[in-house]
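Open the model in your viewer and keep the selection tool at hand. We will go from stop to stop.

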Amino acid sequence: MKYLISRRAASLTPSLTLAIDAKAKQMQADGIDVIGFGAGEPDFATPPHIAMAAIKALCDGFTKYTPASGILELRQAVADKFKRDNGLDYKPSQIIISCGGKHSCCNVILATCNPGDEVIIPAPYWVSYPEMARLAEATPVIIETSDKTEFKITPEQLRAAITPRTRLFILNSPSNPTGTIYSRDELKALGDVCVDKGILIMSDEIYEKLIYDGAQHSSVAGFSPQHYQHTIIVHGLAKTYAMTGWRIGLTAAPEPIAKAIDAIQSHSTSNPTSFAQKGAVAALNGPQDHLPVWLAEYARRRAYAWKRLNSMPGVSCINAKGAFYLFPNISQTGLGSMDFCAQLLEKQKVAAVPGTAFGAGDYIRISYATSMETIEKGLDRMESFIRSRA
């Protein structure tokens, strides 16, 4: 039988980061000594008080449906977080709890874009942004950057990319895959263009707490009432609290957009998992003392990996200011990112993500959200691979 697949589904490319991580895990399960640099997943355990809150919720029978947009207690906790950390005032009715940060992003694009609209996305970008635009039958418009500009776009580039069909600009700071952080002045300048042109901003701030070297996170929504009205913040608990599998995403939006997202979610996933929401309340309202410990360890790994990468022939790498990735330029090795990663996995059993997945074929992504022992071993193998080709 010939099955008819919808155009929107046929237009999508599966997530290469998830595919590589799955392949590495399968090889490990088969007894192969594979080093995985692919997944953006903390290697730390979820803090115990968060897990215990979810366990208590289960034991108390908190296992039924909740409101589609999440329980009021959690939406209030999220609003309190934005006030406390970012100086932003949101009512619980402006907060949507979704099934992970990825779900939050997808909901925003579906709620704001019509077929034929354009979504401006700086590259390197998180792999799912363009595919989400295509899912909404919108057109991704890519603005290319490079390590020479620290992977940042300028207001002039943004203004030049805007057309009458532009609906949304996606901003990700700190960035996956580059670790780039825009300064307050840079963010304001980009926000000013969007305000001037009447363009919405989807600001993905999920790596907000993972920053180094005295860098500061700013939210574009905080610069003026106009910036606030043009900005939709997407966030989540996966990275800061090692809750990747819990699937709790957060969105803060102007009320009409929040209502539209709530309607979409009520007909797609309905509510996020009930007891995971209770764990999320504990994460936001409870102790935060795990974070300095984790950040110190991430910083130690980052410093080692950055130094090692820059010592390899044909490799150059700017240092990340946030998140837990490095994005080295491997173009001088003579291989594109797809061939580089394929050969690295085949010959040295090291799984990294080709930059092609992020719209930047001269680079690869290395995650240092893994143990120092794994990083040392993986980079030893990577260096052996590169030197064997010299």
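Start with the cysteines: the structure holds zero disulfides, a disulfide being a pair of cysteine sulfur atoms within 2.5 Å. This is a predicted model, where local features need pLDDT of at least 70, side-chain atom pairs count only at pLDDT 80 or more, and totals for chains, interfaces and linings use all residues. Residues are numbered from 1 along each chain as its sequence is written, and side-chain values use heavy atoms, with hydrogens and water left out.

Select C317. C317 is buried, at 7% relative accessible area. Buried means under 20% relative accessible area, exposed over 50%, and partly exposed in between (1.4 Å probe, protein chains only). Now select C341. This residue is buried too, at 6%.

Next, show β9, β12 and β11. They form an open sheet of three strands in the order β9-β12-β11, with antiparallel pairing. The edges are β9 (325–326) and β11 (353–354), each pairing on one side only. Strands are DSSP runs (E, at least two residues), numbered from the N terminus; two of them pair if DSSP finds at least two bridges between them. Two bridges join β11 to β12 (residues 364–367). Zoom in on P354: its bridge partner in β12 is I364.

Last stop: T244, in the loop between β7 (231–236) and β8 (249–252). Is T244 buried or exposed? At 17% relative accessibility, T244 counts as buried. Show what surrounds it: leaving aside neighbours within four places in sequence, T244 is in contact (heavy atoms within 4.5 Å) with G40, E41, P42 and A238.

How values were computed:
Helices (H or I, at least four residues) and strands (E, at least two) are DSSP runs, numbered from the N terminus.
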